[in-house]
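Try each task before reading its solution.

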Amino acid sequence: WLPGVRQISRAASQATFAHFLSIISQHEVPLDRGITLAAAATGEPQIIAEGAALSAALQQGNPGAAAHLPQAARRPAIPATMRWLLQSARSPADLRKGLERLAETYHREVEARELWAKTFFPVLATLFVGGTATALYAFALMGPWMTSLWHLSQP
């Protein structure tokens, strides 16, 4: 319910997925199995489900279907850039480099969003809480004062 937390969590999960898949591919685990393992490492149900579908498409020998999986949500858990990279990498080394760059990009996004949250959330929370307290205090004082002025002005 805090602003920006969902985006931070999504970017962190995508960074984790890309980073683990890069490590797994470095150890020459088959790509379809690696996707399943990396998705499970994130702990996100949506990434796990999309990873299973992506892995199934690769196991069936249809890597082109991996880029066009139907999405259950408005925003896919595994971005199109990552799907494209998985289907178009020429070699395991290219795949690793691409996944490392994607993980770094998502990690930078997490850091930028965290910086925004650390900077602006306390200010906004202070304004909201302080403004509400000030307004309540003003109304608590103004009500009786206005009532007493009203009674003094009556003949």
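The model is predicted, so local features need pLDDT of at least 70 and side-chain atom pairs count only at pLDDT 80 or more, while totals for chains, interfaces and linings use all residues. Residues are numbered from 1 along each chain as its sequence is written, and side-chain values use heavy atoms, leaving out hydrogens and water.

**Exercise 1. Find where confidence is lowest and where it is highest.**

Step 1: pLDDT is the predictor's confidence in each residue, from 0 to 100, and the protein's mean is 86.
Step 2: Go through the helices, which are DSSP runs (H or I, at least four residues) numbered from the N terminus.
Step 3: Helix α4 (residues 63–66) comes out lowest, with a mean of 58, and helix α6 (residues 92–153) highest, at 92.

**Exercise 2. Work out which parts of the chain Arg-83 and Glu-50 link.**

Step 1: Look for a salt bridge, meaning a side-chain nitrogen of Lys or Arg within 4 Å of a carboxyl oxygen of Asp or Glu. That rule gives three of them.
Step 2: In the one between Arg-83 and Glu-50, the closest N and O atoms are 2.6 Å apart.
Step 3: Arg-83 sits in helix α5 and Glu-50 in helix α3, 33 residues apart, so the pair links distant parts of the chain.
Step 4: Check the cover. Arg-83 is buried, with a relative accessible area of 3%, and Glu-50 is buried too, at 9%.

**Exercise 3. Say how far apart in helix α6 Arg-108 and Glu-104 are.**

Step 1: Their side chains meet in a salt bridge, 3.1 Å from N to O.
Step 2: Because they are four residues apart in helix α6, about one helical turn separates them.
Step 3: Arg-108 is partly exposed at 46%, and Glu-104 is partly exposed at 47%.

**Exercise 4. Is Glu-28 buried or exposed?**

Step 1: Find Glu-28 in the loop between α1 and α2.
Step 2: Its relative accessible area is 72%, so Glu-28 is exposed.
Step 3: Now the backbone: phi of Glu-28 is near 60°, a positive value in a residue other than glycine. Most residues other than glycine have a negative phi.
Step 4: Ser-25 is buried, with a relative accessible area of 9%.

Technical notes
Helix = DSSP H or I, 4+ residues; strand = E, 2+ residues; numbered from the N terminus. Buried < 20%, exposed > 50% of the residue type's maximum accessible area, 1.4 Å probe, protein only.
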